[in-house]
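Work through the exercises below with the model open. Each one has a task and a stepwise solution.

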Amino acid sequence: MSEPFPDASGDMLRETTARALRDLLTDAARAEMAGGAMPQALWRGLEELGLPYALLPEEAGGFGAPLAQALSLLIVAGEHALPLPLADAMLARFLLAKAGVEAPPGLLSVAQGSEVAIDGRGRAGGRAWGAPWGRHAAAIVVVAETAGGPVILAAPPSGLKVEPGADIAGDPSDDLRFEAVATSPAPFSVLEARAAGAATRALMIAGALRSVTDMTTQYAEERKQFGRAIGKFQAVQQNLAALAGQSASAAAAADLAAQALDAWGPGLIPAVAVAKVRCGEAAGAGAAIAHQTHGAIGFTREHRLHRYTLRLSAWRDAYGREAEWARRLGAHLIAAGPEGLWPALTAI
Amino acid sequence: MTSFVFPSPPPSPESEALRTQVRAFLRQELADRAPIDRAQSWNGVDPAFSRKLGQRGWLGLTWPKRYGGQERSALERYVLLEELLAAGAPVGGHWIAERQSGPSLLRYGSEEQKLAILPRIAAGECFFCIGMSEADTGSDLASVRTRAVRTDEGWRVNGAKLWTTGAQHSHYMILLCRTGPVDPERRHAGLSQFLVDLTLPGVAIRGIANLAGEPHFNEVVFDEALLPAEALLGGEGEGWKQVTGELAYERSGPERFLSSFTLLVELIRVLSPAPDERAQIAVGRLGAQLVALRRMSRSVAGLLQAGADPALEAAMVKDLGALVEQEIPEVARDLLADGPPTAASRDFAAVLAYTSLHAPSFSLRGGTREILRGIIARGLGLR
């Protein structure tokens with residue numbers, strides 16, 4: 001691969017990615033995606049920048065930037081409400097590399113859940129679900145619990161039966177059935193893989209909320225009622241301040257998850273739980289204020305706010321909703337006991 | 001780009017070393033402190049405890065050594081504060097002096113003022129209160145009516161300050177009052193700050209019972225009180241600028257999201273034998289908010305350390321912090337099951353009552369929610 005980022009600083013990575021997304025995410029491309037079609041030129045553009053390889057070490061095609069910096073590209077993806085499975089493509093290669101499995105070329109996706117049985121020859125069969133854009137993937141990565149421990153597999157289209165589905169945003173999220181697919185032992189648990197997926201969604205939510213805050217503030221400055229910009233009304237100002245707070249809090253929590261993914265230790269699960277809960281709550285509260293401020297125009301498919309509301313909802317749903325991660329975090333904190341609560345919180 | 005950015009808190013290994021020392025100290029010092037006393041958080045006053053912190057060099061940690069400080073980082077101070085608050089230590093005596101009066105003196109005080117006062121604050125022997133609010137001056141601070149008039153002998157002060165937390169325990173007040181004429185065109189002009197010795201004749205302190213029945217705050221009346229000429233703090237007419245400069249110190253610290261923390265501890269004490277899923281989810285949601293806030297607050301400490309002025313970020317921490325502080329008693333009340341009382345359930349009920357009755361103040365003191373959100377809206381460019 002060429003080297004688009006000779007000086008792989010985080011800012012430069014983010015700026016280049018943002019520019020590419022601005023150029024490539026045309027209305028035509030969005031219309032194509034809305035029908036479930038893969039806009040090849042767009043994906044090729046992201047591939048040429050090396051974005052699906054962003055979480056790999058430099059010698060494996062990564063940028064050589066710290067993992068937390070590379071993960072911040074997902075904030076940029078969120079800022080642009082990217083419907084394509086960039087996060088999943090990154091995650092697939094990240095998990096395969098961690099397991100020492102060679103990744104096939106092309107678009108990779110990851111299933112969010114699975115039920116897998118191992119046959120007498122060590123091959124996996126079963127079902128998996130929630131694979132973004134799975135129908136277009138060269139392989140779908142599945143991490144599954146088995147009697148012999150967690151395994152990872154990359155199911156090729158030849159061994160798959162894909163049942164097309166969609167998430168709440170209408171973006172492809174497919175289920176699959178497969179038989180006799182070779183597996184490799186995974187050096188991480190199914191929960192850790194799920195946490196990595198949840199972290200990608202938290203980061204994209206943080207990015208989307210940043211854009212939503214910007215566009216909502218701008219709208220309040222432009223939209224006039226009663227002879228002045230609605231942003232001059234204190235009631236509206238107070239709401240926008242709350243939106244900015246939700247956005248900043250989500251960003252802080254997502255940043256925590258990115259650092260925990262980089263460190264990949266016992267702190268991973270609690271940190272991702274904080275991020276997925278906080279970002280999920282912020283997505284709900286933030287989108288509500290954005291819509292309240294935008295009024296009827298924001299409730300149309302014509303206005304771009306809908307792209308963000310839809311993906312905020314989809315990313316909130318993906319890899320476990322707030323209740324799932326809050327239960328996990330709450331169980332961890334309660335188990336720490338009254339004297340252990342504070343040390344448990346400061347360890348996150 | 002209108003979004004606020006909270007940079008990742010910088011790594012600070014020396015802070016973690018300090019944390020270990022502070023935890024060991026507090027385990028010993030607070031072994032017998034009852035939950036209901038811990039629940040007072042930074043309202044709990046114990047001058048002996050303040051002096052012990054001073055003896056360890058844990059007050060004015062960031063200040064220059066010549067004024068009694070240790071010249072350590074804002075991140076270390078942050079860790080010290082959050083450990084004290086999480087443990088429910090009685091820090092109320094020195095809290096305001098150490099948090100904002102000392103830093104104001106450092107910034108605006110004369111060399112004589114600094115040398116006279118700062119080492120005593122750092123020793124835990126000198127407490128301060130904030131003389132800002134008045135009967136007709138709450139959020140609108142520029143409307144203060146207490147007035148200081150320059151005379152041959154010094155400054156003659158008349159008026160009254162209200163809602164002055166801790167005045168009854170304090171040695172000094174930093175007083176904001178009018179020294180120039182009221183100018184409707186320039187409302188923030190003509191205000192000055194003074195370093196006021198509260199033992200001076202003409203200064204009277206009267207306690208006011210709060211919702212919970214405790215005299216935490218006071219009315220402080222100035223009746224022809226004569227301050228020496230050198231009591232002026234900073235520049236004459238510079239009061240507004242100086243006051244707003246304190247706000248990042250006042251608003252971003254861990255006391256802005258840990259006021260209800262003892263209640264969460266006691267909640268977990270009663271839940272921990274057999275938590276059900278509902279309790280786990282509720283505690284998890286609170287935990288997520290606290291961790292995110294803690295990260296934002298540490299980020300502000302990092303910005304302060306780097307010499308930035310994170311007043312907007314501080315307003316945001318305080319706004320979000322008060323929400324979770326007020327949510328904790330709501331959640332705790334909802335999870336409390338009726339049943340035969342036990343020692344733990346009695347402690348829990350007492351702490352719940354205390355925290356519930358103080359919760360309304362969390363979004364009033366130090367800047368109301370509406371004022372904070374107005375500041376944030378200004379940061380967004382809306383005002």
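Two residues count as in contact if their C-beta atoms, placed from the backbone, lie within 7 Å. The model is predicted.

**Exercise 1. The chain interface**

Task: Find how many residues of chain A and chain B are in contact, then describe the side of chain A that touches chain B.

Solution: 
- Step 1. Apply the contact cut-off of 7 Å. It gives 42 residues of chain A in contact with 44 residues of chain B.
- Step 2. Assign the chain A side to helices. α7 (190-222), α8 (234-263), α9 (268-294) and α11 (322-346) of chain A each supply at least two residues.
- Step 3. Find the main contributor. α8(A) has the largest share, 16 residues.
- Step 4. Sort that side by residue class. The chain A side holds 24 nonpolar, eleven polar and seven charged residues.

**Exercise 2. A contact between domains**

Task: Describe how domain 1 of chain A meets domain 3 of chain A.

Solution: 
- Step 1. The domain assignment of chain A places domain 1 at 10-98, domain 2 at 108-185 and domain 3 at 190-346.
- Step 2. Take the centres over C-alpha atoms. Those of domain 1 and domain 3 of chain A are separated by 21 Å.
- Step 3. Count contacts. In chain A, 16 residues of domain 1 are in contact with 19 residues of domain 3.
- Step 4. Locate the domain 1 side. α4 (67-71), α5 (73-79) and α6 (86-98) of chain A each supply at least two residues of it. α5(A) gives the most, with six residues.
- Step 5. Classify the domain 1 side. Its residues divide into 13 nonpolar, two polar and one charged.

Key: Residues numbered from 1 in each chain as written. Chains lettered and ligands numbered in written order. Predicted model: local features only at pLDDT ≥ 70, side-chain atom pairs only at ≥ 80, totals over all residues. Domains from an automatic or database assignment. Helix = DSSP H or I, 4+ residues; strand = E, 2+ residues; numbered from the N terminus. Nonpolar A, V, L, I, M, F, W, Y, C, P; charged D, E, K, R; others polar.
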